[in-house]
Amino acid sequence: MININNDKLGLVLEGGGARGAYQIGVLRALFDAGYRFDGVTGTSIGAVNGVMIAQGKFDESVELWKSLEFSSFFDIEDDYAHRLARGNVDTDTLKYFIKFFKDSVKSNGVDTSKMLKMIRDNVDEDLLRDSGIDFGVMTVSRTDRKPRPMFLSDMPSGTIADYIMASATFPGFKKTVVGDHSYIDGGLYDNMPINMLLDRGYRDIVAIETKSDIPKRKPNDKTAQIHYFVPSVKPGRVMDFSNESKVTAIDLGYLDTIKILRGYIGFRYCIDASDNTPFGYGFADLTEYTYMKICSILGVVYEDKSSAISTIIKVFKIEYVDISNIAIELIERVANAIGINKFIVHKLDDLTRDVMQGLPEQLSSADVSTKYYLELLIVKEICDDCMGGI
């Protein structure tokens, strides 16, 4: 659970294009658990998500994400956009985008009028100002080449949507002009504007990432509690607004978060191990005979349990040093290969049983010269030792 020691809880949303769908999944889990926010800041798509939350429009934000396509932002046909986002660029697609970018250059940048309209359609200025929520976005002024963190109180009437658009004006887009300044994407200065809330006195902050490669500033107050929610895997591609990608990202965000809130385990999967031993998940007490068999599989001489574990870590490039997490990692690798659904909560015994049932087919089809075949053999030994009675 998130331990809140102060009166105010802040929310910060990183930019990241279509990966912003991940934040919706995280927020669904947090809201289900009863968390509410007093201040919200964001950059780019994080600013778009943020204004929906600040207005109390979470349900509407879910529906908005369901409807969003590439064509919601730009005059590009969705079929071509999906091909480009997934790297399926044939000659026809290449010609289409060469023409699009040539036309954009002639027009001084990619037209963002559809994107601005989408933002305006979803901003109720009176509702936002009456909400009592500290809402802010990170922008960068082209005019004076300085970052301009903008809070609601800094935005004149009728300009909120424009400042959100300013925060999302990626290089190559047409300029966004608000008042006396021309703007570019706020991510060029800070893609995760935590310091905006720290500077306003927030000391408990939830920061939801998107695994973006764009730089973000370090928090300027090391005493504050920053609760980071980081995707366990990259939640899709930055420009992939296909329904499949968005739904997957939302589900991933939800499961990553309930894993934290409920103490579930797993690296690729969300696993409820509450019915198993609390400090071993049932894998802590492998017999010495099992370690000897694992060493035999790996072609090394058995010395002791510690050396056997070190060999597993080295051969399979595993980050963890205890056998419990090593076992979970190896079981998840096999579960992924079998095609077991990642987007549900699994009981540990159930997941292990499913993996054991899929092992014979995997063993019969795997190339015996590969490391994966060795993984399968080791997983079989571990499961037979600890869970053989299932």
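Me: What is the volume of the largest cavity, and how is a cavity defined?

Reply: A cavity is a set of points, on a 1 Å grid over the protein atoms alone, where a 1.4 Å probe fits but cannot get out. Grid points are joined across faces, edges and corners, and a volume is the space filled by probe spheres set on the points. Here the largest cavity has a volume of about 60 Å³. Bear in mind that this is a predicted model: local features need pLDDT of at least 70, side-chain atom pairs count only at pLDDT 80 or more, and totals for chains, interfaces and linings use all residues. Residues are numbered from 1 along each chain as its sequence is written, and side-chain values use heavy atoms, with hydrogens and water left out.

Me: Which residues line the largest cavity?

Reply: Lining residues have an atom within 4 Å of a point. For the largest cavity they are S232, L252, L255, D256, K259, F267, R268, Y269, C270, K342 and F343. Helix α10 gives the largest share, four residues. Helices (H or I, at least four residues) and strands (E, at least two) are DSSP runs, numbered from the N terminus.

Me: How does the lining of the largest cavity divide by class?

Reply: Ala, Val, Leu, Ile, Met, Phe, Trp, Tyr, Cys and Pro count as nonpolar; Asp, Glu, Lys and Arg as charged; the others, Gly among them, as polar. This lining has six nonpolar, one polar and four charged residues.

Me: How many cavities of 30 Å³ or more does the structure hold?

Reply: Two. V48, V51, M52, L64, M118, I119 and N122 line it. Elements that give two or more residues to this lining are α2 and α6. The largest share, three residues, comes from α2. By class there are six nonpolar, one polar and no charged residues.

Me: Is N122 buried or exposed?

Reply: Buried means under 20% relative accessible area, exposed over 50%, partly exposed in between (1.4 Å probe, protein chains only). N122 counts as buried, because its relative accessibility is 18%. It sits in the loop between α6 and α7 (125-130). Contact means heavy atoms within 4.5 Å. Leaving aside neighbours within four places in sequence, N122 is in contact with M52, Q55, K57 and L64.

Me: Which residues of helix α3 are buried?

Reply: In α3 (residues 58-67), they are F58, S61, V62, L64 and W65. The arc is that of the directions from the helix axis to the C-beta atoms. These residues cover an arc of only 160° around the axis, so they are on the same side of α3. On the other side, D59 and K66 are exposed. What covers the buried residues includes α1 (21-32), α2 (45-54), α6 (113-121) and α10 (243-262).

Me: What is a nonpolar core, and which residues touch the most other members of the largest one?

Reply: In soluble globular proteins, nonpolar side chains tend to be buried together. A nonpolar core is a set of buried Ala, Val, Leu, Ile, Met, Phe, Trp, Tyr and Cys residues joined through side-chain atoms within 4.5 Å. The largest has 65 residues, and L11, F37, I119, F135, I164 and I208 touch the most other members. Take F135: not counting residues up to four places away in sequence, F135 touches V40, A47, G50, V51, A54, L128, M150, F151, L152 and I164. Apart from this core lies another, of 37 residues, among them L298, A308, I318 and I328.

Me: What is the volume of the largest pocket, and what lines it?

Reply: A pocket is an open set of points with protein on both sides within 12 Å along at least five of seven lines. The largest pocket has a volume of about 580 Å³. It is lined by 30 residues, of which G17, F170, F173, V238 and M239 lie nearest its centre. Elements that give two or more residues to this lining are α4 (78-85) and α5 (91-106). The largest share, three residues, comes from α5. By class, the lining has 20 nonpolar, seven polar and three charged residues.

Me: Where is N108, and what is its phi?

Reply: N108 is in the loop between α5 and α6. Its phi is positive, about 65°, although N108 is not a glycine. N108 is exposed, with a relative accessible area of 64%.
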